[in-house]
2 protein chains.
Amino acid sequence: MFSLRQVRPLVTRATRCAHTRVQHSDIDHFRQFLQPSSILSTLTDAAPADLEPFNNDWMGKYHGQATTVLKPRTTEEVAKIVSWCSQRRIPIVPQGGNTGLVGGSVPLRDELILSLANMNKVRSFDPVSGILVADAGCILQTLTDYVGPHNHIMPLDLGAKGSCHIGGNVATNAGGLRLLRYGSLHGSVLGLEVVLPDGQVLDQLTTLRKDNTGPRHFLPVHDTSPLERTLVFFKSLTIKPYSGYDLKQLFIGAEGTLGIITAVSILTPPSPQASNNVILALPHFDNVLPLYKTVKRDLSEILSAFEFIDRTAYNLAVKHGQGRALSDEEVEGAQCFVLVETSGGRRDHDEEKLNDLLEHLLSAEQPLITNGVLSQSPAQFSSLWALREGVTEAVSKEGKAYKYDISVPLSSFKIVVDKTREHLASKGLLHDKAVKHVLGYGHVGDGNLHLNIIADAYTQEIQDALEPFVYEIVASYRGSISAEHGIGAMKTHALPYSKNDVAIGLMKQIKQLLDPHGIMNPGKVLE
Amino acid sequence: MFSLRQVRPLVTRATRCAHTRVQHSDIDHFRQFLQPSSILSTLTDAAPADLEPFNNDWMGKYHGQATTVLKPRTTEEVAKIVSWCSQRRIPIVPQGGNTGLVGGSVPLRDELILSLANMNKVRSFDPVSGILVADAGCILQTLTDYVGPHNHIMPLDLGAKGSCHIGGNVATNAGGLRLLRYGSLHGSVLGLEVVLPDGQVLDQLTTLRKDNTGPRHFLPVHDTSPLERTLVFFKSLTIKPYSGYDLKQLFIGAEGTLGIITAVSILTPPSPQASNNVILALPHFDNVLPLYKTVKRDLSEILSAFEFIDRTAYNLAVKHGQGRALSDEEVEGAQCFVLVETSGGRRDHDEEKLNDLLEHLLSAEQPLITNGVLSQSPAQFSSLWALREGVTEAVSKEGKAYKYDISVPLSSFKIVVDKTREHLASKGLLHDKAVKHVLGYGHVGDGNLHLNIIADAYTQEIQDALEPFVYEIVASYRGSISAEHGIGAMKTHALPYSKNDVAIGLMKQIKQLLDPHGIMNPGKVLE
């Protein structure tokens, strides 16, 4: 297999800042405060294969050569590790679920990997306000399952929910499937605990002073009696508790380059009482925008997702068994599909709104849709979602994917996909032994298009055909080169396509201020 | 009148950083690029009285001695002023509508006042995405009126809407009456244009590169034909356009201490098709929490405000003609009141939900409410809101107000008000010639209590009785000393009550990084 790592020149801060490698003596130091099971190193007894899941991303695109993975269990342990690495100038890659798509959580060379996987406890949950405080290493699905019985949901949902960590979600400012309804993490994250690059702990989970002697955390819900629950509420955090500069915002989307997020306080919305979804088949892409306007008007505040899937993406999802919504006859002539979800407080009202919308759509003189299927049971509801969420998996089964997560106006979604396909064809690269498919899907509400190019293998020729071509198209539509996947290692060189010099200059100053030795996730976000 | 300014030791960065005063030669310089009407200075032809509205806050609590007010019309003019002041080390106070409550927009001594009042143009509005780009000096109500005909509303609303500027709202991270529904400005502000303390312009309104030669702004809606509106959409910004560190977040809530916000890009939600409100009278404060839970459950996604008003606040609003919701008999025995607002997409559904709630409340065995009034017309709807929004004005008519805008758990709202009243009584300060009323009102959804102490005059004795007493109570409830009014000049000394040393240290480092000469709004936020 051809790896991108072998063909891209490797210039990292590591080379500039006189970084050092992890040595046996460092392991001896870590052994003083870490449990033996928290240390995995080929310098001692680990086999190289043990480190593979940490050194490689799930797509097989990015490959690191770390010798050592540490899995601390407490914030204090993280702080001690970072403090030591700061003195020793050992670069660190913080790693959550390692589900990223831009190489942000994999070493560029032999940095120390600090995995948050063992920091996986819910610290507290207040069922009245919905405020959840959790260790950064908690898996998103685990948190969803945790707050569910209390009639709350997580404000974000994404395909990788079974593996991704909440800390990684925040570090990459993940968007996902619920952004349309619940907004971005910049709004729903209420506080963070961050270990800064010098080992200091920035605790913004509460507004409590350091010298306050009260109990640090309130009780996890499963430990509480009804009386204690009242106490939990009494002690509960408030929703807008910060005064002064909102420092936590700096770490949302910084991808671990300014510090390591060790805990997250997040506002979980009440669970909707009723959820419905429908997949609609559209004869032309041009109908997506008028459909979006109609759906917004008719469903209003119960609209919770409006997801676009082009025909190629739909076909691949069906091919790889990711669910089947409509029969072959029903999708004949459909150029693309839209999945609409509603979430509301009253089933009868929601169903009435949704039925009126469908009637309205089907009885129109010039219908915007050719067909559609409305889920009639929880199983069907899940099955429709599986089709949309399964596109990612279908793509990875089909071949090697070049994934561009871009922000462009909705009206240009199709043009961007088509132009990319035409460009590859003009380079003679659109055939079975090079690029097999070019497809698009994404979140219409936030103008977020996932442009995927599926190739037989990762090659330099395809890479060169795609970049800077794709970034130039994005810039021509005033878009952004990264909507929700982050910059990682993949897009550092492309940052100027969506950030101007003043902004990049200020980013560099802030990086220099917080991480003067450049040890935090070097070579990510900023070159 | 006794002024707080006279009794508080005046230690500002100004004294430390060798700041200089505005001189006649500076005015000569400003004349080179500003229109004569943009310069108001007692060093030339202005009378001191002309500067009074700029030097004093509306409560009559904070008083500056600026000699000069500049009112630039463009971002370029702002940048030229700041650049000059940076070289000359002239401190600057950015001023919006000057409606703040913590002295943040008034000079501490003779800083230059830079008023944004002449930067009051809407730059663009995209009716499909709802993205509005406006100069910082646009008045909130003006923007509400601007987007209204396009079926959009501003995501925030507050009592001062007729005077406050959108730039000031963002600089102070204003919360207001719609936070429960539309979330904080950290989520709804999509981009900012900021003049940095060295005069550089940080343009994060779009993700466009500086060297892109396309049109800089899309057309204001009133200038567009239907065809052009399609074009506007084609060019429209996307909702989650940023990659890299989200720099704009630093300026949200920084109160002009890190730079001057000159334009704001903000997501405006679709106007609700139906809005209703109701004022409920409660026999006991203890019923507020169960009522909130019931209302949240029954109204779900159409709940848009849940405002608390204690009996004293209600009585004062009625006394000063700010609206009357219920008759004297109807409010007998009520200890406090709650205003509930709904906003939804379908009137019949919303009314059914609201009626079911009221029926449910009134038919309960142990009713949570004693009485209530449901608005039956747009006039009544406004009249109920006038009562809640009029509390601020009623307070200022009643006497001199010490205003604390704090974040504490809902359950402690009444305890905090009662403890403060008892404490003042124990100091012998609760009588007609000292403190006349202690009252509370606020936004339940975000745990934001406005604690007001109305005195006959501002005196040092009352001040000393209130502080640090109030801040200590807040800290004991793990609350925040500032929920939505900012820190300003009023609370810099109290910041440690809700921020720890690491956080304050990092705030100071960021201030030093961006504003090494300390010229931006000195003495505000940080001491």
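# Exercises on a two-chain interface

The side chains of Arg346(A) and Glu352(B) form a salt bridge of 2.9 Å, N to O. A salt bridge here is a side-chain nitrogen of Lys or Arg within 4 Å of a carboxyl oxygen of Asp or Glu. The model is predicted: local features need pLDDT of at least 70, side-chain atom pairs count only at pLDDT 80 or more, and totals for chains, interfaces and linings use all residues. Residues are numbered from 1 along each chain as its sequence is written, chains are lettered from A and ligands numbered from 1 in the order in which they are written, and side-chain values use heavy atoms, with hydrogens and water left out.

**Exercise 1. Characterise the interface between chain A and chain B.**

Step 1: polar links. The count of salt bridges between chain A and chain B is four. The rule also finds 20 residue pairs in polar contact across this interface, both at pLDDT 80 or more. A polar contact is a pair of N or O atoms within 3.5 Å; within protein, one must be able to donate a hydrogen and the other to accept it, and residues adjacent in sequence count only if both atoms are side-chain atoms.

Step 2: elements. Several elements of chain A give two or more residues to the side that touches chain B, among them helix H10 (226–234), helix H12 (288–299) and helix H14 (347–362). Helices (H or I, at least four residues) and strands (E, at least two) are DSSP runs, numbered from the N terminus. H19(A) gives the largest share of that side, nine residues.

Step 3: extent. In contact are 92 residues of chain A and 92 residues of chain B. Contact means heavy atoms within 4.5 Å. The buried area is about 7900 Å², and carbon and sulfur atoms give 58% of this. Buried area is the accessible area (1.4 Å probe) that two parts lose on being put together, summed over both.

**Exercise 2. Is His186(B) buried or exposed, and which side chains does it meet in polar contact?**

Step 1: place. His186(B) sits in helix H9 (residues 185–188) of chain B.

Step 2: accessibility. His186(B) counts as buried because its relative accessibility is 4%. Buried means under 20% relative accessible area, exposed over 50%, partly exposed in between (1.4 Å probe, protein chains only).

Step 3: partners. The side chain of His186(B) makes a polar contact of 2.5 Å with that of Gln249(B). Another, of 3.4 Å, joins the side chains of His186(B) and Gln249(A). Beyond its neighbours within four places in sequence, His186(B) has contacts including His186(A) and Asp246(A).
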